[in-house]
Amino acid sequence: MSSIIRQKVGDKIYLYESVSFRNADGKPRNKRIPIGKIDPVTGNPIYKPEYLADMAKKGTPIEIPTTTMMFSIDDIQHSSIKDYGAFYLFQSIAKSTGLLRVLEDALPNYWQEIFNLACYLISSGDPFLYCEDWLNSTECLPVGSMSSQRISELLIAITPDTRENFYQTWCTYRSEQEYLALDITSISSYSNLIEDVEWGYNRDKEALPQINLCMLMGEKSGLPIYQTAYSGSLKDVSTLKTTLAKMDALSKGKPTLIVMDKGFFSTKNVNAMLNDTAKLRFIISVPFTSSFAKKQVEGERKDIDSLQNTIVSGGDSMRGVTKLRSWNKDHKIHTHVYYNAIKAMKLRENLFAHVTLLKERAEANPAATLNEEEYCKYLLIRSSEKSPSGYTISIKENVINKELETAGWLVIITNDVADAKESIRIYREKDVVEKGFLRLKNSLDLGRLRVHREDIMQNKLFVGFISLILAAHIHKVMLEKELYKRMTMKKLLISLSKLRLQIINGTRILFPLTKDQKAIYKAFNVDESV
């Protein structure tokens, strides 16, 4: 009977075949025969040729492990080492979501450049000016030079028809029947040369002209589906008709499900959507500037606060009732009325505290606050010879009461969802697009447009849209796999950026993965091999 044993001698490990036998006296003995050693680099056994031949002769050949490829010093000196981990994740996501395929179909001449630019925006968030440095240090799609001049030429070359072709292909590919959250945001610009850059209501409170960017995102998939830019002077409500018409054209007649906030509400818009019920299902909140919303609240104020009307949604407890109301002579509509007592109480306490502080400041220096808008809104400040300060100050109780009339209340109308709990769930999930806007502005360097041509502006936003698809998917997986408990998205990308790839004579060698890198790839179902 024989076995193979290892014996360490100095810094080397030798292999011996130990053969057990009994001597002439019948006593057990062992005989050791040297048969090879352990390779200190690979850890694999290196057997002597005569031992291999002897084993083969006995009918038990030994399989020799694959040896490590050997490179010369010159090969290694001329090799390249590039960042690989983050780009590999982006590429894997683009394949799994269908983005890479759609890009290649819609932009056959530029898809690689566009994808590299999108990945650059997520990785760095820096202006395109520094993109070539990133490309030189990153293993990505082969595109040649991406200098600032080359990028400008690329952003001019992409036509509006090409962009719309992408959106149509993307909408068709991502054809899930899910509610699409619709919202609009302001993006400021320093340029006076772009036609759509105009002064308007700036949601970021910046003293700059702007464009309005309208976007649709899937509530379940979390992915951007469509975007379009409008003149900066337009209000949300005036963009709805055009946006829905574009979506109808892109979806090729398939029903569209849209959820919107009160900024898109108008009687005219609701009438138009109700007249297109075959193609459009919608959920929209109604502002209390509308007499319809006020009427619904007054109709439910007395009886809504009961146990049987209680709804628990997203950890919040509220009251909710649903009625089928006549909207006009031709249409009825599901009307959901909600009351959140905790929210109402907080709004009441905050308003009381705010007005109390205003009154105290006004009493301390009434002359300085006499013409201040916020003070005049809630306080009545009058000159008085009888008062030691020369003024009398009183609270406008009617203003306070009017403001609190609708505190904690919400009215939602829909031509699709008859259940109050389901309706509020869908409505609340519309914040997916608000979070998308935040990523677009804060992480992708698109909060302000530093361009001076209409076509370049549109195509920079288009690249941002591609980036947002990748970032939105990363966010969704991080939520589902609870990765946010361990790291931020930025930390995730930094961790992956440390994974490098060395290329020697055309052979790609991936550096060992850390524990965090393995966990990230596992969460995203990404193959760890190159």
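Select Leu89, Phe90, Ile93, Ala94 and Thr97 in α3, then Leu470, His473 and Ile474 in α18: the two groups meet here, in contact (heavy atoms within 4.5 Å). By class, this contact of α3 with α18 has 6 nonpolar, 2 polar and no charged residues. Here Ala, Val, Leu, Ile, Met, Phe, Trp, Tyr, Cys and Pro count as nonpolar, Asp, Glu, Lys and Arg as charged, and the others, Gly among them, as polar.

A word on the model before moving on. It is predicted, with local features needing pLDDT of at least 70 and side-chain atom pairs counting only at pLDDT 80 or more, while totals for chains, interfaces and linings use all residues. Residues are numbered from 1 along each chain as its sequence is written, and side-chain values use heavy atoms, with hydrogens and water left out.

**The helix pair**

Now show the whole of α3 (residues 85-97) and α18 (residues 454-480). Their axes lie 10 Å apart and pack at an angle of about 90°. Axes are lines fitted to C-alpha atoms, for helices over the stretch in contact, and angles run from 0 to 180 degrees between N-to-C directions. The pair is therefore roughly perpendicular (65 to 115 degrees; under 35 is roughly parallel, over 145 roughly antiparallel, the rest oblique).

**The core**

Next, select Phe115, Phe166, Leu492 and Phe524. These have the most contacts inside the largest nonpolar core, which has 127 residues. Such a core is a set of buried Ala, Val, Leu, Ile, Met, Phe, Trp, Tyr and Cys residues joined through side-chain atoms within 4.5 Å. Buried means under 20% relative accessible area, exposed over 50%, partly exposed in between (1.4 Å probe, protein chains only). Helix α18 gives this core its largest share, 14 residues.

Centre on leucine 492. Which residues does it contact, leaving aside neighbours within four places in sequence? They are Leu89, Met478, Leu483, Met487, Ile520 and Phe524.

For a second, separate core of 13 residues, pick Tyr378, Leu379, Ile381 and Leu404, which are among its members.

**The three-stranded sheet**

Move to the open sheet of 3 strands, ordered β5-β18-β19 with antiparallel pairing. Strands pair if DSSP finds at least two bridges between them. β5 (80-83) and β19 (507-510) stand at the edges with a single partner strand each, so one side of each has no neighbour in the sheet. On average, neighbouring strands are turned by 25° against each other, direction ignored.

Select β18 (residues 500-504) with β5: 4 bridges join these antiparallel strands. One to find is isoleucine 81, whose bridge partner in β18 is glutamine 502.

Then pick arginine 508 in β19. At 37% relative accessibility, arginine 508 counts as partly exposed.

**Two positive phi values**

Most residues other than glycine have a negative phi. Go to glutamate 482, in the loop between α18 and α19 (489-497). Phi there is near 60°. Glutamate 482 counts as partly exposed, at 47% relative accessibility. Finish at asparagine 525, in the segment after α20 (515-523). Phi of asparagine 525 is near 55°. Buried or exposed? Asparagine 525 counts as exposed, at 71% relative accessibility.

**Zoom out**

The protein has 20 helices and 19 strands; helices (H or I, at least four residues) and strands (E, at least two) are DSSP runs, numbered from the N terminus. Of its 530 residues, 45% count as buried.
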